[in-house]
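Please keep the sequence and the structure in view while reading.

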Amino acid sequence: MPEEQSAPNTNSTGNYPETFEDRLALAKDGDIWCQYLVGRMYGAGYGIDKNYSEAFRWLKNSVGQGQPQAMFYLGSMYEYANHVHRDDKVAESWYLKSAELGQALAQYHLAVMYYQGRGTIRLNEDPLNWYYKAAEQGHSGAQYAVGVH
């Protein structure tokens, strides 16, 4: 999996409860950030036993409402065959959706896929375009890639 981080605790509106149960309650009420968090928590076993089918379900709920981090995370699941079959086309699709919404990790991973010749949505896409977008947001791997190309 790409740059794994601890489960995030906040969103743009402020702090969320620390416990899984409280986040789950908010997720069930339709909070897209908590749906993403619950999906991540199930997938990584943060505060709950790992359950990949539940992780996938909550991430899909979140992406259905336009949550770009969840789109990125689903893309990474398909790129790295994390409890789903590896599928670069599906990974690219999720990365592209997330990248177009400004998610730097997705922009970087999309650039890497295009640089390596993987993916089919935009065969003639210049990976540097996505590296630049991610680099402008402070992604160090993208900044390095821009510097050496």
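## A buried arginine and its partner

Arginine 118 has a relative accessible area of 17% and is therefore buried, since residues under 20% are counted in that class. The model that contains this residue is a predicted one.

What does the side chain of arginine 118 meet in a salt bridge? The partner is glutamate 79, and the N to O distance is 2.8 Å. This pair joins distant parts of the chain, for glutamate 79 belongs to helix H4 while arginine 118 lies in the loop between helix H6 (104–115) and helix H7 (127–136), 39 residues apart. Is glutamate 79 buried or exposed? Its relative accessibility is 4%, so glutamate 79 counts as buried.

## Other salt bridges

Side chains of opposite charge can pair when their charged atoms come close. In the whole structure, a search finds four salt bridges. One of them is formed by aspartate 88 and arginine 86, with 3.4 Å from N to O. Aspartate 88 is buried because its relative accessible area is 19%, a value under the 20% limit. Arginine 86, by contrast, has a relative accessible area of 49% and so is partly exposed. Salt bridges link Glu79, Arg86, Asp88 and Arg118 in a network.

A further salt bridge is found between glutamate 54 and arginine 57, whose closest N and O atoms are 2.9 Å apart. Both residues lie in helix H3 (residues 52–63), and the three residues that separate them in position correspond to about one turn of the helix. Arginine 57 is partly exposed because its relative accessible area is 39%.

## Overall organisation

How many helices and strands are there in the protein? There are eight helices and two strands. Read from the N terminus on, the order of the elements is β-β-α-α-α-α-α-α-α-α.

Of the 149 residues in the protein, 46% are buried. Among contacts in the protein with a separation of 6 or more, 45% come from residues 24 or more positions apart.

## The loop between H4 and H5

Alanine 81 is placed in the loop between helix H4 (68–79) and helix H5 (88–100). Its phi is near 50°, which is a positive value in a residue other than glycine. With 38% relative accessibility, alanine 81 counts as partly exposed.

Histidine 83 is also found in the loop between H4 and H5. For histidine 83, phi is near 70°, again a positive value in a residue other than glycine. The relative accessible area of histidine 83 is 49%, so this residue is partly exposed.

## Helix H6 against helix H7

Two packed helices are described by the angle between their axes and the distance between the axes. For H6 and H7, the axes come within 8 Å and cross at roughly 155°. This angle makes H6 roughly antiparallel to H7, because angles over 145 degrees are counted in that way. The crossing in which H6 passes H7 is left-handed.

Which residues make the contact? H6 contributes Ala104, Gln107, Tyr108, Leu110, Ala111, Val112, Tyr114 and Tyr115, and H7 contributes Pro127, Trp130, Tyr131, Lys133 and Ala134. In the contact of H6 with H7, 11 residues are nonpolar, one is polar and one is charged.

## Helix H1 against helix H2

The axes of helix H1 (residues 20–28) and helix H2 (residues 32–44) come within 8 Å, and they cross at roughly 135°. H1 is therefore oblique to H2. H1 passes H2 in a left-handed crossing.

On the side of H1, the contact is made by Phe20, Arg23, Leu24, Leu26 and Ala27. On the side of H2, it is made by Cys34, Gln35, Leu37, Val38, Met41 and Tyr42. The residues of the contact of H1 with H2 divide into nine nonpolar, one polar and one charged.

Terms used. Residues numbered from 1 in each chain as written. Predicted model: local features only at pLDDT ≥ 70, side-chain atom pairs only at ≥ 80, totals over all residues. Heavy atoms only, no water. Helix = DSSP H or I, 4+ residues; strand = E, 2+ residues; numbered from the N terminus. Buried < 20%, exposed > 50% of the residue type's maximum accessible area, 1.4 Å probe, protein only. Axes fitted to C-alpha atoms, helices over the stretch in contact; angles between N-to-C directions. Parallel < 35°, antiparallel > 145°, perpendicular 65-115°, else oblique. Left-handed = near helix turned anticlockwise from the far one by under 90°. Contact = heavy atoms within 4.5 Å. Nonpolar A, V, L, I, M, F, W, Y, C, P; charged D, E, K, R; others polar.
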